[in-house]
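Subject: Structure handover

Hello,

Please find the structure below, with notes on its side-chain contacts after it. Have it open while you read.

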Amino acid sequence: MIYPYKEFIPEISESAFIADYTTISGDVVIGDESSIWFNTVIRGDVAPTIIGSRVNIQDQCCLHQSPGNPLIIEDGVTVGHQVILHSSIIRKNALIGMGSLVLDGAEIGEGAFIGAGSLVPPGKTIPAGMLAFGRPAKVIRPLTKEDLEDMDRIRREYAEKAQIYKKAAQK
């Protein structure tokens, strides 16, 4: 379901895939070729949520904000199943592992990888190209060539799946 909130109506690219049972409301922008998967909730009723191009937000995620603090997700980001993102910045090509929480004012650097089940506390910065893991998340090591290849594979596979689902939904 797509809901306006006050004067705000979500702006969703025509090339994006929005799965059934997804709720998007208010001041939300979703870029080209992005995919928002089943049972995800994106509420833009407190501050803006800006999602770039070729982003995949997987099943059962929750995206929200605090007053005056937008949620910004740059191009090429992967957000795993059941992730909570709240008023944070996720830089280009980062990956947020399943079940993680990224809280207000946190910034995930370009191409960084947050391991599954991690908690990135308010205001924490994870540098570009690093693997961080834990509760609270701590930088573990630089990403390897294999890590980067796997992150790229996941981005490609979700982009391909989104187009398959989008075509099936149009029939």
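The notes cover the aromatic rings and then the salt bridges.

This is a predicted model, in which local features need pLDDT of at least 70 and side-chain atom pairs count only at pLDDT 80 or more, while totals for chains, interfaces and linings use all residues. Residues are numbered from 1 along each chain as its sequence is written, and side-chain values use heavy atoms, with hydrogens and water left out.

Aromatic rings

Rings of Phe, Tyr and Trp (its six-membered ring) count as a pair if their centres lie within 6.5 Å; planes under 30 degrees apart are stacked, over 60 edge-to-face, and the rest tilted. The count by this rule is 6 aromatic pairs. One of them joins W37 and Y158 edge-to-face, with 5.5 Å between the centres and 85 degrees between the planes. This pair links distant parts of the chain, 121 residues apart: W37 is in the loop between β5 (35-36) and β6 (41-51), and Y158 is in helix α1 (residues 145-170). Helices (H or I, at least four residues) and strands (E, at least two) are DSSP runs numbered from the N terminus.

Both residues are classed by relative accessible area: buried is under 20%, exposed over 50%, and partly exposed in between (1.4 Å probe, protein chains only). W37 counts as buried because its relative accessibility is 3%, and Y158 is buried at 14%. The two also belong to one aromatic cluster, formed by F17, W37, F38, Y158 and Y165.

Y158 has a further contact: the charged end of K161 sits over its ring, 5.0 Å from the centre. The rule for this is NZ of Lys or CZ of Arg within 6 Å of the ring centre and within 35 degrees of the ring normal.

Salt bridges

A salt bridge is a side-chain nitrogen of Lys or Arg within 4 Å of a carboxyl oxygen of Asp or Glu. The count comes to 9.

E74 and R91 form one of them, at 2.5 Å from N to O. E74 lies in the loop between β9 (71-73) and β10 (78-79), and R91 in the loop between β12 (89-90) and β13 (95-96), 17 residues apart. E74 is partly exposed at 24%, as is R91 at 25%. A network of salt bridges links E74, R91 and E107.

In helix α1, D152 and R156 are 4 residues apart, so about one helical turn separates them; their salt bridge is 2.6 Å, N to O. R153 and E157 are also 4 residues apart in helix α1, and their closest N and O atoms are 2.8 Å apart.

Regards
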